[in-house]
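This briefing goes through one protein structure, from single residues to the whole chain. Keep the sequence and the model in view while reading.

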Amino acid sequence: MTVDRQRVERLNRELLEAIGEDPDRPGLKQTPARMAELYSEFFSGVGEDAAEPLARTISVSRGPAPDTLPSGAVLLRDIRFRSVCEHHLLPFAGHAHIAYLPGEQVVGLGALVRVVEILAARPQVQERLGEQIADTIAEHLDTRGVLVVLDASHGCVTMRGGRQPEASTLTIAARGEYTDAVARTELITLIGASASPAASGMDSGTARR
């Protein structure tokens, strides 16, 4: 889905007028156009298929060591992401950590990054974003377990309300074998999440099959 830039410009002009500003003054004259460009970037994932990057997989049994299959997790740490909270349209940003237990097929690591980028480029809440990433990987990749940990700072917490600039939010989504707290403890330790004790013991509210 392509963002309607002309409409975004028009609405941002109205917004400036609604807060008592003059959209034609020099400092604001180009703001509606800038906002249209910004929204086109921030919301480029609306309507895009997040599973598409996972369509091209790699067979691990057809390489130089065909009798060797992965025995442990594939863990990609510190994927930088940014999104926009749908409650106040303020940004939140941080790091995503993704682990999966592969079967015979694996995927290029860049594909995991693209899944995060596509799903983050929509109006979001962090809790749903982590679940969507986990579901996309679990449903479209040959895997026995998926773990997604998001650690982010939210503008609606740091810039408004209680204004807690040091606060961050940690969420966990688990599928398959990683719904078991013991199974994901090692990964939580490797990720180095600050809330690792809570994360490793997280209940079904954040981890489900």
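Gln-126 lies in helix H4. The model is predicted, and the values below were computed from it.

**Gln-126**

- Is Gln-126 buried or exposed? Its relative accessibility is 1%, and buried means under 20%, so Gln-126 counts as buried.

**Helices H3 and H4**

- Helix H3 covers residues 109-120, and helix H4 covers residues 126-140. Their axes come within 10 Å and cross at roughly 135°.
- Why is H3 called oblique to H4? Angles over 145 degrees count as roughly antiparallel and those from 65 to 115 as roughly perpendicular; the crossing angle of roughly 135° therefore makes H3 oblique to H4.
- The crossing in which H3 passes H4 is right-handed.
- Which residues make the contact? On the H3 side they are Leu-112, Val-115, Val-116, Leu-119 and Ala-120. On the H4 side they are Leu-129, Gln-132, Ile-133, Thr-136 and Ile-137.
- Sorted by class, the contact of H3 with H4 has eight nonpolar residues, two polar ones and no charged ones.

**Arg-5**

- Arg-5 belongs to helix H1, which spans residues 5-18.
- The relative accessibility of Arg-5 is 43%, so this residue counts as partly exposed. The range for that class lies between 20% and 50%.
- Apart from neighbours within four places in sequence, Arg-5 is in contact with Ala-36, Glu-37 and Ser-40.
- Arg-5 and Arg-34 are 29 residues apart along the chain, and their C-alpha atoms are separated by 9.8 Å.

**The whole protein**

- How many helices and strands does the protein have? There are seven helices and seven strands.
- Read from the N terminus on, the elements run α-α-β-β-β-β-α-β-α-β-α-β-α-α.
- The protein has 209 residues, and 39% of them count as buried.
- Take the contacts between residues at least 6 apart in sequence: 67% of these join residues at least 24 apart.
- The accessible surface comes to about 11500 Å², and 51% of this area belongs to carbon and sulfur atoms.

Methods. Residues numbered from 1 in each chain as written. Predicted model: local features only at pLDDT ≥ 70, side-chain atom pairs only at ≥ 80, totals over all residues. Heavy atoms only, no water. Axes fitted to C-alpha atoms, helices over the stretch in contact; angles between N-to-C directions. Helix = DSSP H or I, 4+ residues; strand = E, 2+ residues; numbered from the N terminus. Parallel < 35°, antiparallel > 145°, perpendicular 65-115°, else oblique. Left-handed = near helix turned anticlockwise from the far one by under 90°. Contact = heavy atoms within 4.5 Å. Nonpolar A, V, L, I, M, F, W, Y, C, P; charged D, E, K, R; others polar. Buried < 20%, exposed > 50% of the residue type's maximum accessible area, 1.4 Å probe, protein only. Areas by Shrake-Rupley, 256 points an atom, 1.4 Å probe, with all protein chains shown as cover.
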